[in-house]
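This briefing is meant to be read alongside the sequence and the 3D view. Please keep both open while you work through the topics below.

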Amino acid sequence: IEEVDAIIDKSGSVVSAEIQGYIDCCIKLSGMPDLSLTFLNPRLFDDVSFHPCVRFRRWESERILSFVPPDGNFRLMSYHIGSHNMVAIPLYVRHHISFKDIAGGKMDITVGAKQTMGKTVENVVLEIPMPKSVLNVTLTPGQGKYSFDPVSKVMTWEVGRIEVGRMPNIRGTINLQSGTSAPESNPAISIQFTINQLAVSGLKVNRL
C-alpha cells in the first residue's frame with residue numbers, strides 16, 4: 001500500500017512528491033517458518049520502521065528482511081520515500097477553478113491515467129474542500145457521480161474506473177452566498193485511487 005503526497009500544478013506537472021508505504025501481511029503457515037524478503041531497489045527507502053519480528057541487524061548489513069512471522073494479519077514494514085526520488089504519478093489532473101464576486105464561479109476538471117504499466121486505475125475519488133462562502137455547486141460529470149455537503153463544503157466526485165484512453169471530465173458552476181466576496185485562492189484537490197499490483201514508487205520485490 002502506498003500513499004502519495006504530491007503538489008501538481010494546473011497543467012498537470014508534478015512539482016514535488018513523497019510516498020509513505022506499508023507492507024501488510026496475512027500469515028497462515030504451520031510451524032515457525034523463517035522467511036527472507038529482498039528488494040531489487042532497496043536504496044529507494046529514506047526511512048523505514050519494522051515489526052518486532054524483523055531482525056534489524058541483518059537489514060542494516062545486507063538489506064534483507066529476515067523474520068519469523070506471527071500468525072494472522074500484521075504490518076511487516078513501513079517506509080518513506082522522499083521528494084528527491086523521481087516519482088511517476090499514475091494519474092494526471094487538469095483543472096480550472098475560478099471565482100467571481102457576482103457571477104459565482106466555474107469549475108472544469110479532467111482526470112486521466114498515465115504510466116500505469118498497463119494496469120487499470122480503479123476506485124478513483126476526487127475531494128475538493130470548497131471555501132466557506134460557497135453555497136452549492138451545479139455540475140455535470142461525464143462519468144460517475146458527484147455530491148456536495150453543504151455543511152462541510154466538500155465536493156466529492158466518485159469517478160470509479162478509468163479505462164485506457166478515457167479522460168473523465170466534470171464541469172459546471174459554483175454558487176456563492178449572497179453578499180460574500182470571491183475567495184482569494186483556489187481549493188486543493190485530493191485524489192484517492194487503487195492500482196492492484198503496482199507500486200507508484202517503483203519498488204519491486206526480488207525474492208521471498
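Into which domains is the protein chain divided? The chain falls into domain 1 (2-87) and domain 2 (91-195), with bounds that come from an automatic or database domain assignment. This is a predicted model, in which local features need pLDDT of at least 70 and side-chain atom pairs count only at pLDDT 80 or more, while totals for chains, interfaces and linings use all residues. Residues are numbered from 1 along each chain as its sequence is written, and side-chain values use heavy atoms, with hydrogens and water left out.

**Domains**

- The C-alpha centres of domain 1 and domain 2 are 32 Å apart, and the contact between them takes four residues from domain 1 and five residues from domain 2, where contact means heavy atoms within 4.5 Å.

**Salt bridges**

- A salt bridge is counted when a side-chain nitrogen of Lys or Arg lies within 4 Å of a carboxyl oxygen of Asp or Glu, and by this rule the count comes to six salt bridges.
- Asp24 and Arg75 form a salt bridge in which the closest N and O atoms are 2.7 Å apart. This pair links distant parts of the chain, since Asp24 belongs to strand β2 (residues 14-27) and Arg75 to strand β6 (residues 72-81), 51 residues apart. The names of these elements follow DSSP runs numbered from the N terminus, with helices being H or I runs of at least four residues and strands being E runs of at least two.
- Arg58 and Glu62 meet through their side chains in a salt bridge of 3.5 Å, N to O. Both residues lie in helix α1 (residues 56-62), four residues apart, which is about one turn of the helix. Arg58 has a relative accessible area of 30% and is therefore partly exposed, and Glu62, with 45%, is also partly exposed.
- Asp108 and Arg171 are joined by a salt bridge between their side chains, at 3.7 Å from N to O. Here too the pair links distant parts of the chain, with Asp108 in strand β8 (residues 104-113) and Arg171 in strand β13 (residues 169-176), 63 residues apart. Asp108 is partly exposed at 26% relative accessibility, and Arg171 is partly exposed with a relative accessible area of 47%.

**Pockets**

- Pockets are found on a 1 Å grid over the protein atoms alone: a pocket is an open set of points where a 1.4 Å probe fits, with protein on both sides within 12 Å along at least five of seven lines, and its lining residues have an atom within 4 Å of a point. Grid points are joined across faces, edges and corners, and a volume is the space filled by probe spheres set on the points.
- The largest pocket has a volume of about 1,000 Å³. Its lining is made up of 37 residues, of which Glu2, Glu3, Val4, Phe193 and Val200 lie nearest the centre.
- Strand β1 gives the most to this lining, with seven residues, and at least three residues of the lining come from each of domain 1 and domain 2.
- By class, the lining of the largest pocket has 26 nonpolar, six polar and five charged residues, where Ala, Val, Leu, Ile, Met, Phe, Trp, Tyr, Cys and Pro count as nonpolar, Asp, Glu, Lys and Arg as charged, and the others, Gly among them, as polar.
- The second largest pocket holds about 250 Å³ of space. Eleven residues line this second pocket, and the closest to its centre are Met117, Leu198, Ala199, Gly202 and Lys204.

**Two single residues**

- Ser133 sits in the loop between β9 (121-129) and β10 (134-141), and Ser133 is buried because its relative accessible area is 14%.
- Ile191 lies in strand β14 and is partly exposed, at 27% relative accessibility. The C-alpha atoms of Ile191 and Val125 are separated by 5.7 Å, although these residues are 66 residues apart along the chain.

Conventions:
Buried means under 20% relative accessible area, exposed over 50%, partly exposed in between (1.4 Å probe, protein chains only).
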